[in-house]
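Please examine the sequence and the structure before following their conversation.

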Amino acid sequence: MFAISWFDILPVAITFLSIAFVQVLNVYLHVLGDGTAPKSVDVCETDCAVKGNGVATLTKNGSISPKASNGKLEKQASILDCDSGISLNSIHTSSTPATQTTCATPGTPSATSSSPTHNAHNGFLTHTISFETLSDEYHEDEDTLSLENLFPCDQTEIYASKKISFIIDELIQTEVNYVNYLRKGISNYGNLQKCEDLPEGLRGEQRQQLLLGNISEILELHEKEILPMMLRNQRDLKGLFDEFATHFERNNFYCYVGFTMGKKSSMLLRQENREWLQSYQTTIKDKLGIDSFLVQPIQRLTRYPLLLQQFISEFYKSGISCKPVLSAVCKLETRMRRQLDVVNQAEEIPNIDELNELDLQQQGFFRRSTEFDAQHFPTKKKYRAKVFLFDRCLVCTEVRKKRLAYRQHYSWEHVELQRPLELATANANKTINLIVKQPDKEKARREEYCFVASEASVVKQWLHATQKIIEIARHEQAQRDTFSLPMDLVLGVVLAIWLIWHYL
């Protein structure tokens with residue numbers, strides 16, 4: 001039998017008590033900091049008329065047209081129907097009611113899906129979606145919370161439809177072809193540096209990166225994640241659609257945004273070296289060439305929602321009653337179309353001139369761009385503006401025919417967005433005021449911009465987007481301010497104390 005004395009127990013017990021005390025103190029300081037930290041993210045407290053569960057209909061182009069239903073007055077953080085300001089200051093919010101989205105096919109019934117709920121925790125909003133899943137920050141739709149969607153359904157009748165089976169087979173087979181085509185293209189054009197007659201304009205790793213962009217990253221995503229997921233779920237469509245949607249929620253498809261942002265540089269480089277590339281294409285016996293190779297990613301991303309629309313249409317025509325699968329495919333189709341919108345908007349970023357020393361690659365993920373009629377108060381200038389939202393800043397540009405002229409950018413901690421107080425004006429619901437806070441003066445603010453959109457729905461979507469970006473910034477800042485001890489260090493300290501006490 002082992003003889004254990006108080007000298008063996010005390011050091012271990014004291015160590016564990018100390019660790020527990022540190023963790024409790026950490027939680028207390030974190031909670032206290034949430035309520036008092038001057039740079040914590042917030043949405044200003046406002047009493048808003050919430051019109052029940054807002055219902056939106058997914059149109060053919062993937063946009064959402066909101067509809068209103070009856071409801072009651074509630075205090076909420078969402079500013080979609082509020083005349084409140086968004087800033088990185090203090091927060092006083094309560095839970096936000098879930099909205100619903102309808103994925104509809106013309107002439108057919110609609111399948112609804114609800115948004116992620118927001119709960120008030122320590123004075124802050126918390127998502128049911130992880131903050132690591134950044135690509136879905138503007139989506140107001142989620143799985144329908146009805147019981148019939150929580151249990152598996154019999155998918156036999158789905159596979160009994162020859163047309164639906166053909167669509168699924170086409171989805172998987174074209175994915176196989178896509179991966180093979182990317183792999184072959186990288187093999188053909190990914191090692192140009194080994195060519196002895198390579199022109200000077202294509203020499204160097206930097207030029208190679210400009211030529212192909214991050215297409216190897218796209219190949220890795222589809223080869224290691226998407227294609228295996230499809231093959232694994234061939235006989236489980238709900239699992240296939242749910243897992244596919246998860247990749248969009250985790251922003252794994254952001255590589256397509258980066259690829260699009262580099263497309264202009266790649267095209268210029270190919271034009272400058274067209275003669276040599278055509279000669280090289282003949283040498284390797286590539287019938288389609290590098291242009292066809294580099295257009296494949298965008299074509300593939302466009303093809304996904306078209307196939308899903310065919311699936312949804314045949315689903316309705318066949319009268320299949322497996323609602324969980326329908327809900328999952330509608331959710332996935334919505335995410336795909338919105339990701340495609342972001343990719344298309346990112347194509348304009350290289351057209352921004354006069355950026356000077358501002359590196360947009362260092363501003364985090366690109367989220368959205370929106371056109372406004374802008375008035376810049378300090379200079380009293382009015383012009384057509386396009387505003388780009390990044391994780392770390394807001395960039396204002398002036399639209400000049402086929403190019404964009406950079407004007408200003410603002411870090412999120414220095415700005416506040418407000419609706420105008422003059423509710424009687426015709427453009428009140430279409431207007432956003434950008435307020436800049438002076439960093440050297442705690443309460444000093446000045447009006448910087450007035451943005452007027454073409455429709456009120458554009459303002460709602462834009463404000464919802466900025467709210468989510470600010471909320472994510474708050475979460476990241478809270479994580480940085482949290483002090484915690486890594487478990488391997490804790491166990492190492494415990495073992496060291498026990499050994500020293502026992503043997504010395």
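Predicted model: local features only at pLDDT ≥ 70, side-chain atom pairs only at ≥ 80, totals over all residues.

The dialogue below takes up strands, packed helices and salt bridges in turn.

Q: In which strand does His376 lie, and which strands pair with strand 12?

A: In a regular strand, the side chains alternate between the two faces of the sheet. His376 belongs to strand 12, residues 366-376; helices (H or I, at least four residues) and strands (E, at least two) are DSSP runs, numbered from the N terminus. Two strands pair if DSSP finds at least two bridges between them. Strand 12 pairs with strand 13 (residues 381-390) in the antiparallel sense over 10 bridges, and His376 stands opposite Lys381 of strand 13. These two strands form a hairpin with four residues between them, and Lys380 in the turn has a positive phi of about 60 degrees. Strand 12 also runs antiparallel to strand 18 (residues 445-452), to which four bridges join it.

Q: Is His376 buried or exposed, and which residues does His376 touch?

A: Buried means under 20% relative accessible area, exposed means over 50%, and partly exposed lies in between (1.4 Å probe, protein chains only). His376 has a relative accessible area of 6% and is therefore buried. Strand 12 is mostly covered, with eight of its 11 residues buried. Contact means heavy atoms within 4.5 Å. Not counting residues up to four places away in sequence, His376 touches Lys381, Tyr383, Gln408, Tyr410, Glu448 and Tyr449.

Q: How do helix 3 and helix 10 pack?

A: Two packed helices are described by the angle between their axes and the distance between the axes. Helix 3 (residues 162-189) and helix 10 (residues 289-318) pack at an angle of about 170 degrees, and their axes are 10 Å apart. Axes are lines fitted to C-alpha atoms, for helices over the stretch in contact, and angles run from 0 to 180 degrees between N-to-C directions. Angles under 35 degrees count as roughly parallel, over 145 as roughly antiparallel, 65 to 115 as roughly perpendicular and the rest as oblique. Helix 3 and helix 10 are therefore roughly antiparallel to each other.

Q: Which residues form a salt bridge with Lys331?

A: Side chains of opposite charge can pair when their charged atoms come close. A salt bridge is a side-chain nitrogen of Lys or Arg within 4 Å of a carboxyl oxygen of Asp or Glu. Lys331 forms a salt bridge with Asp242, the closest N and O atoms being 4.0 Å apart. This pair links distant parts of the chain, with Lys331 in helix 11 (residues 323-346) and Asp242 in helix 6 (residues 237-249), 89 residues apart. Lys331 also forms a salt bridge with Glu249, where the closest N and O atoms are 4.0 Å apart. Lys331 is in helix 11 and Glu249 in helix 6, so this pair ties together parts that are 82 residues apart in sequence.

Q: How buried are these residues, and which residues are linked in the network?

A: Lys331 is buried at a relative accessible area of 5%, Asp242 counts as buried at 18%, and Glu249 is buried at 12%. A network of salt bridges links Lys238, Asp242, Glu249, Lys331 and Arg335.

Note on methods
Residues numbered from 1 in each chain as written. Heavy atoms only, no water.
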